[in-house]
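My notes follow in the order in which I checked them.

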Amino acid sequence: MANITLGGTPVETSGNLPSIGSQIPDFKLVAIDLSIKTLEDFKGYNLVLNIFPSVNTGVCAASVRHFNKEASQLENTKVLCISRDLPFAQDQFCAAEGLENVVMLSDFKTGAFGKDYGLIMVNGAFDALLSRSIIVVDTNGQVTYTEQVPETGQEPNYKAALEAL
């Protein structure tokens, strides 16, 4: 379990991020077109998993915007923005913001992604949402970088994540 905070209040997560050097667990997430995406859909790409509670909060939206800008300059890399938001909300956000360089994915159906990755906040105001985290994976599916953001209201370390590519 990771100990993080939300507005300074202690919150626990359901587990810990995958360890560096490990193989990333497979997943089934819902895309904005309601199709199911798995790790196989991104085989051969470097991946940046930008994980957050909800695209409808300021810091979460800022992280999606930041990675959208950076993603256009990354070779052989996909940025997956993952939350428990409904795909409709994710799609509306991207359309309103003109974001086209990130892949929005939702864990709303089963929460299995959050469980498998140890990311579900198990108490506090955001109980059952995903904690703000970054996971970078190489083309072989090996984890090269992780960040469990200690205060949910803070942005991740974009520079460190992108340098891990």
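I began with the sheet: seven strands form an open sheet in the order 4-3-7-6-5-8-9, with mixed pairing. Strand 4 and strand 9 (143-148) are the edge strands, each pairing on one side only. I took strands as DSSP runs of E of at least two residues and helices as runs of H or I of at least four residues, numbered from the N terminus. Two strands pair if DSSP finds at least two bridges between them. On average, neighbouring strands of this sheet are turned by 30° against each other, direction ignored.

This is a predicted model, where local features need pLDDT of at least 70 and side-chain atom pairs count only at pLDDT 80 or more, while totals for chains, interfaces and linings use all residues. Residues are numbered from 1 along each chain as its sequence is written, and side-chain values use heavy atoms, with hydrogens and water left out.

Next I went through the pairs. Strand 3 (residues 28-31) pairs with strand 4 in the antiparallel sense over three bridges, and L29 stands opposite K37 in strand 4. Strand 3 also runs antiparallel to strand 7, joined by two bridges; here A31 faces L105 in strand 7. Strand 6 and strand 7 pair in the parallel sense over four bridges, and S83 has S106 in strand 7 as its bridge partner.

I then looked up helix 2 (residues 87-97). Helix 2 lies across strand 3, strand 6 (77-83) and strand 7 (103-106), and runs at about 160° to strand 7. Axes are lines fitted to C-alpha atoms, for helices over the stretch in contact (heavy atoms within 4.5 Å); angles run from 0 to 180 degrees between N-to-C directions.

Where does Y45 lie? I found Y45 in the loop between strand 4 (36-38) and strand 5 (46-51). Leaving aside neighbours within four places in sequence, Y45 is in contact with N76, T77, K78, V137, D138 and T139. Y45 and G7 are 38 residues apart in sequence and 35 Å apart in space, C-alpha to C-alpha.

Last, the largest pocket. A pocket is an open set of points on a 1 Å grid over the protein atoms alone, where a 1.4 Å probe fits, with protein on both sides within 12 Å along at least five of seven lines; lining residues have an atom within 4 Å of a point. The largest pocket has 13 lining residues, of which L39, F42, K43, G44 and G141 lie nearest its centre.
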